[in-house]
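Here are a few exercises to work through with the structure open beside you. Take them one step at a time.

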Amino acid sequence: MKGEKPMTQPSLVLPQDESNRILVQNVRPPEWENPEPASCYNLVVIGAGTAGLVTAAGAAGLGAKVALIERHLLGGDCLNFGCVPSKGIIRASRAIYDVHSSGEFGILGGEDFRIDFGKAMERMRRIRAEISAHDSARRFREEFGIDVFLGEGSFVGPDSLEVGGKRLRFKKAAICTGARAVAPPIPGIEEVGYLTNETVFSLTDLPSRLAVIGGGPLGCELTQTFARLGSQVSILESEGHLLSREDPDAAEIVQNSMVRDGVELCLNSKALKVSRGSEGKVVNFEQGSKAKELSVDEILVGVGRAPNAKGLNLEKANVAYDPKLGVKVNERLQTSNPRIYAAGDICFPYKFTHTADALARILIANALFMGRQKTSALVIPWCTYTDPEVAHVGMYERGAREKGIEVLTLTVPLTQVDRALLDGEAQGFARVHLKKGTGKILGATVVARHAGEMINEFSLAITSGVGLSAIGKTIHPYPTQVEAIKKLADAYNRTRLTPLVRKALGAWLKWQRS
Ligand SMILES: Cc1cc2nc3c(=O)[nH]c(=O)nc-3n(C[C@H](O)[C@H](O)[C@H](O)COP(=O)(O)OP(=O)(O)OC[C@H]3O[C@@H](n4cnc5c(N)ncnc54)[C@H](O)[C@@H]3O)c2cc1C
């Protein structure tokens, strides 16, 4: 690397302030010198997002000689353009909401405040920089003894690859190159320009009017956040409700919350073209059979991810690949080249940081220690961090029925949970799907302000084969919102009270009175 220009693309870590300087210093040190490669590595990891970092650190911790290659910023999407910055500004938007609704708690004057968007973004950048220390190139070299190479990794054969003109030979390799945002094919969008997750967190000025294309998790989180930060936001979604994967009543709660935040919902809507008008960027769309138009300052694209495979030279390594789905792997994360494995967004449909982490652990066991771990054994929860949050694990009712499983679905609205009422957070519910006639949990959905925390009780139960009755026997502190789950267990126990059991109990009690 000596003498080479640092590869950081400044446009992706704008603005150039102290926080971003620290970030870059950690995850793309400009003065970094790539090491001399070892004669052969136990494992070469390409891509230093969550999947790559966990794979590299875990393997090195177990004694493997590991090389880690990153072409842009260590930390990948999660740290730089995903979970961390989005949750940073979501926190600011929640604080704004809380001030707005502070009148209810007897705090007067809350209507009269000003939002400093620049400051909210600055806070996010400061915390992101702080967190970046965990993913720093120096930490991976010094603490874990990993050879960190900055540059684009490219296969040159089935057991070797190149980075920055240096050849690395490996016994095993891990492709952890993730995915990136791609714009939908809407005529005019490239010419007019748009924001993606790779650029939106660099904003220093709030767009007054924002169109968000795509009502999935990313689109919904950022729609609500920008609305609360003060933008007039319109969200376009082709389906009849936002978060189309989730139950319609769960999505409806989020939609109602967004409408209260001032968001314009454009459901059943398809963007047709984008152009530049006298009042900004113009999005022409079709809603049902009606032609409609929006004038905005910015367009944020929240749909479309493509696997990062370009430049990897996968053919040279005999690794099979699908341009849409990514690197093809079997259940053990092995590619068509038995030496090469993959983990994370590059190969897996559930594109989450916690999944990338779980897959990395499977990869280490299978690639280095003859493990037989399967991805199909994973229980994967997820959460959309809107307000309220929507979290899910396991099956949905429709999925279970499609598999021919008889389902008992129980729902407890948060209006039945004292703590949710006391907190003013009673918009939501806890729902569980059980295998009929048993307490076996097939899946669960929680809609609540802290649903991402609450879902874990279900994940643990499913993972360890614990039924809902066991949750019912577990004492939950009062008052907590997670009591909603205990109430589901009580509701389940009531369903077990058959007329015969009820009659027998009644007879026993009558006899006691006599
Ligand atoms: C806005 C947003 C919010 C999100 N929020 C959440 C959330 O709250 N919770 C959650 O669980 N998930 C969230 N995600 C998803 C999460 O960020 C991803 O699932 C996760 O980052 C995937 O990790 P990965 O390691 O597979 O890929 P990545 O993080 O994409 O890392 C891949 C790395 O490989 C590098 N690379 C690519 N090609 C090469 C090459 N040829 N040579 C060298 N390096 C290469 C890339 O530069 C990148 O750094 C969010 C995503 C977005 C976009």
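**Exercise 1.** What volume does the largest cavity have? Work out, too, which residues and elements line the largest cavity.

*Solution.* Keep in mind that this is a predicted model.

- Step 1: Search the whole structure, and two cavities of 30 Å³ or more turn up.
- Step 2: Pick the largest cavity; its volume is about 40 Å³.
- Step 3: Look at its lining, which is made of Ile90, Ser93, Arg94, Glu221, Gln224, Thr225, Arg228, Tyr385, Thr386 and Asp387.
- Step 4: Of the elements, α8 gives the most, with four residues.
- Step 5: Sort the lining by type, and you get two nonpolar, four polar and four charged residues.

**Exercise 2.** Find out how many residues surround the ligand, and which are the closest.

*Solution.* 

- Step 1: Count the shell: 38 residues surround the ligand, and the closest are Glu70, Asp77, Lys87, Asp345 and Thr353.
- Step 2: Check backbone N or O atoms. One from Gly153 sits 2.9 Å from a ligand nitrogen atom.
- Step 3: Ask how much of the ligand is covered. Alone, the ligand exposes 1,000 Å², and the protein buries 93% of that.
- Step 4: Name the elements giving two or more residues to the shell: α2 (50-61), β2 (66-70), α3 (76-81), α4 and α10 (353-368). The most comes from α3, with four residues.
- Step 5: Sort the shell by type: 15 nonpolar, 15 polar and eight charged.

Technical notes
Residues are numbered from 1 along each chain as its sequence is written. This is a predicted model: local features need pLDDT of at least 70, side-chain atom pairs count only at pLDDT 80 or more; totals for chains, interfaces and linings use all residues. Side-chain values use heavy atoms; hydrogens and water are left out. On a 1 Å grid over the protein atoms alone, a cavity is a set of points where a 1.4 Å probe fits but cannot get out, and a pocket is an open set with protein on both sides within 12 Å along at least five of seven lines; lining residues have an atom within 4 Å of a point. Grid points are joined across faces, edges and corners, and a volume is the space filled by probe spheres set on the points. Ala, Val, Leu, Ile, Met, Phe, Trp, Tyr, Cys and Pro count as nonpolar, Asp, Glu, Lys and Arg as charged, and the others, Gly among them, as polar. A residue is near a molecule or strand if one of its heavy atoms lies within 4 Å of it. A polar contact is a pair of N or O atoms within 3.5 Å; within protein, one must be able to donate a hydrogen and the other to accept it, and residues adjacent in sequence count only if both atoms are side-chain atoms. Accessible areas come from the Shrake-Rupley method with a 1.4 Å probe; for residues, only the protein chains shown count as cover.
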